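Colleague: I have not looked at this one before. Can you walk me through a few parts of it?
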Amino acid sequence: MSKIDNNNAPWHRLKRASTPRKATVLAIGKAFPRQLIPQEYLVEGYIRDTKCQDVSIKEKLERLCKTTTVKTRYTVMCKEILDQYPELATEGSSTIRQRLEIANPAVVEMAFEASLACIKEWGRPATDITHIIYVSSSEIRLPGGDLYLASELGLRNDVSRVMLYFLGCYGGATGLRVAKDIAENNPGSRILLTTSETTILGFRPPNKARPYDLVGAALFGDGAAAVIIGTDPVTGKESPFMELSYAVQQFLPGTQSVIDGCLTEEGINFKLGRDLPQKIEDNIEEFCRKLMSKASLTDFNEMFWAVHPGGPAILNRLESTLKLNKGKLECSRKALKDFGNVSSNTIFYVMEYMREELKREGGEEWGLALAFGPGITFEGILLRSL
């Protein structure tokens, strides 16, 4: 659709005014590594690269690849990296140094590209950014990626920086909640929130003693995302498209071991409990109603849904439990299909698809952004479409 001047566009009359002093999303951007992998080629490549000879493992990975619903993913891992670091494909090798040599610059490079795209859409100088929030579960160093990113973007040296490390899949939603708090308590501030993830830290040969490694190989991808958050958008200079009305974080007591990750000499080891979808199903309705009550909302199907697609089972359980109409989670399913689970980034890919969906006539005013991760932690944001 061609761009039309806002003052004359028919749809502009339907745009909603933002609430004074409420945080809004002013721009969004994303970036990915160069290597794109269609899902139908993943198994052969993974088995070849890890020199796996076990036919049963290959068959299991083939089944998993079909059930994930993922069609394409991007990845930092490539032949050149494996040629340089063949020990990454060797069971039992101490490779944390090598993994960080790859991951640390890769995540900042992707974050930089996503941030540039976001700033370009925003339309204001990078020096107008007052705060930066950097989210990643894929790098470890001092100083962190936030400083490298701020320097490469040419931000002011007094920009306020916040690092959010190793939150996993709910990290992007946590970043939105923190950005909302900063924006609403610092009038005139503009927060760049960027997330960046790579699976390099978790790449390893398959082993029957680690069944979740195959789930990760079939489901996760690499990439970055960025948004700019602020209150009271400047008329004529900024174009807010979503308002962050209310945010809640909640953990489920006694569930720390359901999603378990630890850093070892061989990288990150993950374990995922089979009861994760059930735990989410048992608690999701009460959590959603807590958010909805802030706007006196009661009908799940009168809202839009931006849900982090941790996997198809979680989306299916949520859809069934809340009795959502078919298509309500389409943006989440599309993000999963196009990019895989990209951890903290994925919620922003869903929101970008949702932005286009809400431009249609009759688009819902209110919606929910939801993400789930280790803890088990729920992050939720009551959204208002502008």
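Predicted model: local features only at pLDDT ≥ 70, side-chain atom pairs only at ≥ 80, totals over all residues.

Colleague: Fine. How do helix H2 and helix H7 cross?

Modeller: H2 covers residues 55–67 and H7 covers residues 212–219. Their axes come within 9 Å and cross at roughly 45°. Angles from 65 to 115 degrees count as roughly perpendicular and those under 35 as roughly parallel, so H2 is oblique to H7.

Colleague: Is the crossing of H2 and H7 left-handed or right-handed?

Modeller: The H2 and H7 crossing is right-handed.

Colleague: Which residues meet there?

Modeller: From H2 they are Ile 57, Lys 60, Leu 61, Leu 64 and Cys 65. On the H7 side, Leu 214, Val 215, Ala 217 and Ala 218 take part. Sorted by class, this contact has eight nonpolar residues, one charged residue and no polar ones.

Colleague: Changing topic. What does UniProt list for residues 243–386?

Modeller: An unreviewed UniProt entry gives that range as "domain: Chalcone/stilbene synthase C-terminal".

Colleague: And how much helix and strand is in residues 243–386?

Modeller: That part of the chain is 35% helix and 29% strand.

Colleague: Now the backbone angles. What is phi of Lys 323?

Modeller: Phi of Lys 323 is near 55°, which is positive in a residue other than glycine. Lys 323 is in the loop between helix H9 (312–321) and helix H10 (330–339).

Colleague: Does Lys 323 count as buried or exposed?

Modeller: Lys 323 counts as exposed because its relative accessibility is 64%, and the cut-off for exposed is over 50%.

Colleague: What about Ser 343, what is its phi?

Modeller: Ser 343 is not a glycine, yet it has a positive phi of about 55°. Ser 343 is in the loop between H10 and helix H11 (346–358).

Colleague: Is Ser 343 buried or exposed?

Modeller: Ser 343 is buried, because its relative accessible area is 11% and buried means under 20%.

Notes:
Residues numbered from 1 in each chain as written. Heavy atoms only, no water. Axes fitted to C-alpha atoms, helices over the stretch in contact; angles between N-to-C directions. Helix = DSSP H or I, 4+ residues; strand = E, 2+ residues; numbered from the N terminus. Parallel < 35°, antiparallel > 145°, perpendicular 65-115°, else oblique. Left-handed = near helix turned anticlockwise from the far one by under 90°. Contact = heavy atoms within 4.5 Å. Nonpolar A, V, L, I, M, F, W, Y, C, P; charged D, E, K, R; others polar. UniProt positions renumbered as here; feature names shortened; annotations may be inferred. Buried < 20%, exposed > 50% of the residue type's maximum accessible area, 1.4 Å probe, protein only.
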